[in-house]
Amino acid sequence: MVRKDQGRTEDANTGVWQYAAYANTVMDEMQRMRGDRGVYPDDRGGGAGDVSVETPMVYQPMMYASHMHKLMDDHDSNLSAKKKQEAAIKGLVEASAIAGTTNKVGGAAQQANQKAARARQVPLPHPSVGKPLNVKKLSTSNVEAHQHTAFACDLVSDGPCPEEEGLLPSGSDFASYAHVRNVVLNMYRGDVGQYLEKLSAMSVFETPEERAYALAAWTFLNAMGYINFGVSEAVHDKVVSEPATKGSVIVVGAGCSGLACARQLRQKGYKVVVVEGRNRPGGRVHTETLLGPRPRGDATEGANGTKRVASAAENGLDDDKNRGDPRLQYRPKVERAVADLGGSVLTGIDGNPLAIITTQMRIPLSQIKADRSPLYLSDGSQANEAIDEKVEALYNRILEQSSELRTGVEWTSHMSLADALETLWETHKKTLGLSKPEDWKLARRLFDWHLANLEFANASLLKNISLMHWDQDDPHDLPGAHCFAAGLNGQWIRELTRNVPIFYNSVVEKIKRFQDGVQLVTPDRVYAADAVVVTVPLGVLKREKIQFEPPLSGRKKKAIKRLGFGNLNKVIMLFEDAFWDTDDGDDIFGYINESQEMRGENYMFYSYAGISGGAQLTALSSGNAAYEHERRKPEENAKKVLDILRRIFEPKGVKVPPPYHVICTSWGGDPLAHGAYSSMPVGSIGGEDYDILGESVGGRLFFAGEATNRKFPATMHGAFYTGLWTAANVDAVFSERALKKKMEMEKQRDKMLEELAAQNAAALGNDYRPRRPGRPPKRKEPANNAGILTPAVIELRKARLEMLFNDPNHPPSINANSGKLKGILGVAEWANHTLIHVDSGPGLEPIYALIDARELLNLSRNVGGNSLEGIAASLSKDSIGPCSDRIQSFHDAIINSRRTASAVQSRTSAEAKPKDASYYLEMLDKL
């Protein structure tokens, strides 16, 4: 069968959550709760008016997605407001030792320099698990604390967000709503191990108005994933127990966004599978095991009871004189550790959803200590601190001036960040006040180190980065400390896969989109579902590794082309001891390269000694060096790192031993990534490119991932957020579609009953009058019953009903969602006809049809060997919830129809008295 697609154009307003499917329900419940006052804001008149409780109020809330492009119009004012709020609001709970440096460099001086972490950050609020919550005081106290929580989640703390437009009717008190929403958010943040139910959120408030706002707030926060997400046991129970009745969705990619999306969809009642091209989850968040010296075969036991383990030489590594002596028995300090090959730092833990997950798992978060962050020269000496501080201060001023440079100047839209920074450096370097040539040379090399750090933040060369848009996400940086997760990120990645079906080693080659569903083609199988969520890295989309049918629109293709996707690589080493540890205990130190072209080569070292299970050190390469790193052999990259370490530490009398284990990453050459993370290159149009990539197509094809998030691109939490938000978008689209289908079904039902009534009236003659209560109308007996069924009903019965029951792949079984008999809707006592309702399965309209006794008997013989009577009896026996009574009625109707089947021929027309339309309407209303 040929399937045609009728939705080739993209839905520009479906890139984010749509509220239309939710808002009407919220309005109705709000009106009922507030109806006791008899006053409700009159949306039609723009004011408040007296409205009867029985008066139906239908509101048409705005779709907020069309306003998303206005969200970033004023970066400076947003940033200023957030700074004022952050300065005014204190922490909520007892702080953990978690802070650190940033792994995504943002606006101006504050973010562009890893060494800015010297100004030690105060640890900010961290959520709790299982702590008792005093709900009595939530709605009246701690206003600043509640606002802080909303601010940390990037919500407007004293009013509704643009995303909440249309959720409340006009005339609402938006400040009161914001306070109620903040309280509900704090209820969850007070104990992130719970599943906050709707009634629990509403029960805190006393007035009907507050409870109405609480309902709206809970709907928004729950749908968007600000509450009730993660890996707590309460959420796991929801993922496992929620019936999958809303539809089927395939998620492509088991990274942060894909796993977050899959879990949210399962929690919302969807059947979900994840298709992953790798043999592991996590995507660009990958934790690998590092091995220390291990026993080979049966270890020999020494005189003192210790077991001899393989030396470094026996493990194929460089030998060390003492540890390589095969006669020496020793116990190593580490046998295995872990390392993050990709995403590692949780940037801004206050409000960060990944910090919530680590709290649910009770994983400690470790502060990245960078009070001093020394910078070392190629000869191993430390850079002059006075010159270092001057260059850093100048660098920060240059960044600030580069932001001012783009204001109101049209030609700067095509200017690179490198051009601006180099121009300003040449203009202002004289302010350093240096005189010696060697000092000037050092100053320039220090400046290049900062530029290498900026290239690390953008995963791209500065000459490719847009001056106009490179820091467009700065107003949304999450407050709070930056940290590592003890034991690293593989723990929570694995936990996110719990109860989520994943097909590994399945590289998607083609995605076909139809009007009623999608198909995914992999080398070994084809998947079909109602919708698909694509979460693959931007690098995969840029290389067109996935073929879309029909093709993506030119608008989306242009956005994919304009967005940048650069590279970053690491050399990871496991040692016996953390020989680099100093009294200061810093986790970071830098290395200044001689070459300006290779300024990013091993320019930064991160210490994971306290959190990875062993003495693990990671060297970072950015810019040109990240690409050159992949052209060399891993042995050469490891040798370069060891040479740097020996030049730094051995002159101080510190022996640098050979490592136990070395890993060199190659993200640019990874066929399932083709790079590290996204950026804003020259030629991009700003955050709108992220929005365009995140837009859904035809209500069937959705996109998620860090490159679809204009607020938090190039971060792990940004990827995670898009998974939550895309799940909300899918649910909204499906709910809206279901609502429209329900309305169409009701219209079809009403039309069918009108036709039945008209046919009945025609059969009775001109004396027919609608029946009045207590006064039955006079009826004429029909001459025959042949004209009672309309052609539409006959077509439904013959063309669809018999096909449904005769389909061996979809028998009418309670264990499948296809062809399940819902029960009898009513019994037409004339001509022994029975009006039944059959659920045809997901995506298909229910069938209403009249079946006479003989047809019922014939149909019962063609149901996969099971009679309708047997099915109805078994279902009734199992008492399946609210349907059991109707199924029992259906069972009784089958029995009665069979008893009367033999008497059909002898029955006179006077015995068959048809019912009028009101009879069927009454029965339908009861059911």
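In which sense, left-handed or right-handed, does α5 pass α7? I found that α5 passes α7 in a right-handed crossing; a crossing is right-handed if the near helix is turned clockwise from the far one by less than a right angle, and left-handed if anticlockwise.

**Basis.** I worked on a predicted model, in which local features need pLDDT of at least 70 and side-chain atom pairs count only at pLDDT 80 or more, whereas totals for chains, interfaces and linings use all residues. Residues are numbered from 1 along each chain as its sequence is written, and side-chain values use heavy atoms, without hydrogens and water.

**α5 and α7.** I took helices (H or I, at least four residues) and strands (E, at least two) as DSSP runs numbered from the N terminus. The axes of α5 (residues 174-189) and α7 (residues 208-224) come within 8 Å and cross at roughly 60°. Axes are lines fitted to C-alpha atoms, for helices over the stretch in contact, with angles from 0 to 180 degrees between N-to-C directions. The two helices are therefore oblique to each other; angles under 35 degrees count as roughly parallel, over 145 as roughly antiparallel, 65 to 115 as roughly perpendicular and the rest as oblique. I listed the contacts (heavy atoms within 4.5 Å): those of α5 include Tyr177, Val180 and Leu185, and those of α7 include Tyr213, Phe220 and Leu221. By class, this contact has 10 nonpolar, one polar and two charged residues. Ala, Val, Leu, Ile, Met, Phe, Trp, Tyr, Cys and Pro count as nonpolar, Asp, Glu, Lys and Arg as charged, and the others, Gly among them, as polar.

**α4.** I next looked up helix α4, whose axis comes within 8 Å of that of α5 and crosses it at roughly 80°. That makes α4 roughly perpendicular to α5. Among the residues in contact are His146 and Gln147 of α4 and Asn182 and Arg189 of α5. The residues of this contact divide into five nonpolar, six polar and two charged. Seven of the 10 residues of α4 (residues 143-152) are buried, so the helix is largely enclosed by the rest of the structure. Buried means under 20% relative accessible area with a 1.4 Å probe, protein chains only. His148 and Phe151 are among the buried residues. Asp154, which follows α4, has a positive phi near 65°.

**Sheet.** I also noted an open sheet of four strands, ordered β13-β12-β11-β15, with mixed pairing. Its edge strands are β13 (526-529) and β15 (547-549). Strands β11 (residues 510-513) and β12 (residues 518-521) pair in the antiparallel sense over four bridges; pairing requires at least two DSSP bridges. Arg513 stands opposite Val518 in β12.

Notes: Buried means under 20% relative accessible area, exposed over 50%, partly exposed in between (1.4 Å probe, protein chains only).
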